Protein chains: 2
Amino acid sequence: MPLVEELGERRVIEAILRRLDIMPGSPVPLGDDASAVDLGGGRLAVIKADMLVGKTDVPPGMTVRQAARKAVVMNVSDLVAKGARPVAVLASLGIPGRLTEGDVEEIATGLNEGAREYGAYVLGGDTNEASDLVISCAALGTCEEGRFMRRSGARPGDILAVTGSFGGAAAGLRILLENLPAPRGTRRPLVDAVLTPRARLREGLALSQTGAVTASIDSSDGLAWSLHELARASGVGFLVDTLPVAREAEVFAEAHGLDAAELALYGGEEYELVITVRPGGWEGVEDAMRRLGTPVTRVGRATGEPTVLLKKGDSVEPIEPRGWEHFKSSRRGN
Amino acid sequence: MPLVEELGERRVIEAILRRLDIMPGSPVPLGDDASAVDLGGGRLAVIKADMLVGKTDVPPGMTVRQAARKAVVMNVSDLVAKGARPVAVLASLGIPGRLTEGDVEEIATGLNEGAREYGAYVLGGDTNEASDLVISCAALGTCEEGRFMRRSGARPGDILAVTGSFGGAAAGLRILLENLPAPRGTRRPLVDAVLTPRARLREGLALSQTGAVTASIDSSDGLAWSLHELARASGVGFLVDTLPVAREAEVFAEAHGLDAAELALYGGEEYELVITVRPGGWEGVEDAMRRLGTPVTRVGRATGEPTVLLKKGDSVEPIEPRGWEHFKSSRRGN
């Protein structure tokens, strides 16, 4: 019988899903970014739980306050990627006995910040003694029934688009993990991208209101991984022709002889939205993002082939299903 | 600055609560068994998160499937103690790499069982690598607004009552932890009380419908601790004159020269309901429980003194605020 450490997270999740009964009439299939329950009256309760483990998810240089805030943002991001408005957060903590009372207060402050930035409140939780620092959050939001954005609605011909830019967190992680020097003016924004990630609340809500988005996911596991997840859930492929790389990530990549596209595709820990838009709906999406002052970039289109490809000049190359995968030390996806 | 391992769970929780903003108009104060969000239309979403940590919460002899089921039951019990009907469960897992794929399937089976027994479904979750086995569940339920049973509504003169009987899990734990022999016919029910605890779903729903319950809590942290929590939240005291001890726990206590009342009061890991009832409402409560075939016992009354006392013959003695408290190795309460 294989051990969990040999399986990789995908197979662990598959082992779990095999054993779960499916809720009849569930508005969202198991395995989407968040789950939903029909509240009647055209409304959904949207729920998400995601756990931060100190050992694997907290890089050097991140305070416990930042870690706690991030644990909330991870969950909020999944709600907003579905078009839900966050309302409440619960936090179950595993706290190593060697932390101080001040550390605990900082954790609570971070949880509170993460929730309040997105209009939600921390309403409860649980504390436990544990060897690892564990911050396990659950978030509750609400959404109009017709506005929930699944992973599974992309169709060949749809426009593929993303908010913001990519690679900043990956570059920031290299700075924190490998002590790489950063060119003048880039260290702060790159490190901030890791330590203080932001979820796209207003964008998620506005996008769901356009009615033009056919599928949506956040990019927390890396842009490449998110593209593969969208493709798999929708039964489409993607041809990507543009990669919006964060300017500081480009400068950083150049200084270190790194491939900026690699940072943008395989980084993760960024909370941008990756969406598909029905062909006639692009103008509405652009207008909505312009009103918010948020960059949105058309990066390619959905295809009928089961492949995720990057166009480079006249050639195409596969975008690999890589990212961070727990249980395996390789970076492979979540 | 004191370390968490010196603080005890109560002070850890206080440190957290100091830093949280309070949701305006929240239907339930922070610190009740579960939290609630107003959904409008006279309905509440009731949410709860509680984490099971292998190292501290899983006794020898408990399988991972039983542990997973229990992690769900812990959360369900808090919902039903408030009068809410469980709908959905999320489970975030910290899985040590040395577990097998079969262990993971067993965990999922246990989660599914715990949810399905109470009419809910596991709708999602998250998997992580961790040193400890961590099963962090969040449960969502719904409740009519006027039917939510808080901890804080007990008034002097109210009747104090409990469902079921106590001490079985405490005796079962002694069997599992200390390898104590059990008198004929008692081992199975006592050990089952620990390994397969049950939440009082139908009882919680029926009690909330009587409209006679002024305060409610489950007994998961021990009867003594629950009484102190109810007393503290309601600003009352209790005079207890009866302790319904499980028959097998009495036999076990006698065989080992233990105090059965001690097992019943300070055991924990039992999921009975501890309620107060307004003086005119007792008959309705008795009727409701009779219809379900569930024993309910009038065990005392709420008083105006800030004390929790046990009447023994002609004398009274204090019931101590003891139970299991994380972060301190003593058993002191949660």
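Predicted model: local features only at pLDDT ≥ 70, side-chain atom pairs only at ≥ 80, totals over all residues.
The domain assignment of chain A gives two parts: domain 1 covers residues 33–147 and domain 2 covers residues 159–318. Taken over C-alpha atoms, the centres of domain 1 of chain A and domain 2 of chain A are 23 Å apart. Where these domains meet, domain 1 of chain A gives 19 residues to the contact and domain 2 of chain A gives 22. On the side of domain 1 of chain A that touches domain 2 of chain A, helix H4 (residues 64–81) of chain A supplies the largest share, nine residues. By type, the residues on that side of domain 1 are nine nonpolar, four polar and six charged.

Next comes chain A as a whole. Its secondary structure comes to 12 helices and 12 strands. The C-alpha trace of chain A spans about 55 × 55 × 50 Å along its principal axes. A compact globule of 334 residues would have a radius of gyration near 20 Å, and the 19 Å of chain A agrees with this. Of the 334 residues of chain A, 59% count as buried. Among contacts in chain A between residues at least 6 apart in sequence, 81% join residues at least 24 apart.

The model also holds chain B.

The contact between the chains takes 65 residues from chain B and 65 residues from chain A. Several elements of chain B each supply at least two residues of the side that touches chain A, among them helix H2 (9–18), strand S3 (85–95), helix H5 (101–116) and strand S4 (121–129). The largest share of this side, nine residues, comes from S4(B). The residues on the side of chain B that touches chain A divide into 34 nonpolar, 17 polar and 14 charged.

The nonpolar core can be followed from one chain to the other. The largest nonpolar core has 231 residues, and those touching the most other members are Ile47(A), Val89(A), Ile47(B) and Val89(B). Leaving out residues up to four places away in sequence, Ile47(B) touches Ala88(A), Leu90(A), Leu123(A) and Leu140(A) in chain A. In chain B, Ile47(B) touches residues including Ala34(B), Ser35(B) and Leu140(B).

Definitions and conventions. Residues numbered from 1 in each chain as written. Chains lettered and ligands numbered in written order. Helix = DSSP H or I, 4+ residues; strand = E, 2+ residues; numbered from the N terminus. Rg over C-alpha atoms; globule rule 2.2 N^0.38 Å. Buried ≥ 20, exposed ≤ 12 C-beta atoms within 10 Å, placed from the backbone. Contact = placed C-beta atoms within 7 Å. Domains from an automatic or database assignment. Nonpolar A, V, L, I, M, F, W, Y, C, P; charged D, E, K, R; others polar. Core = buried A, V, L, I, M, F, W, Y, C linked by C-beta atoms within 7 Å.
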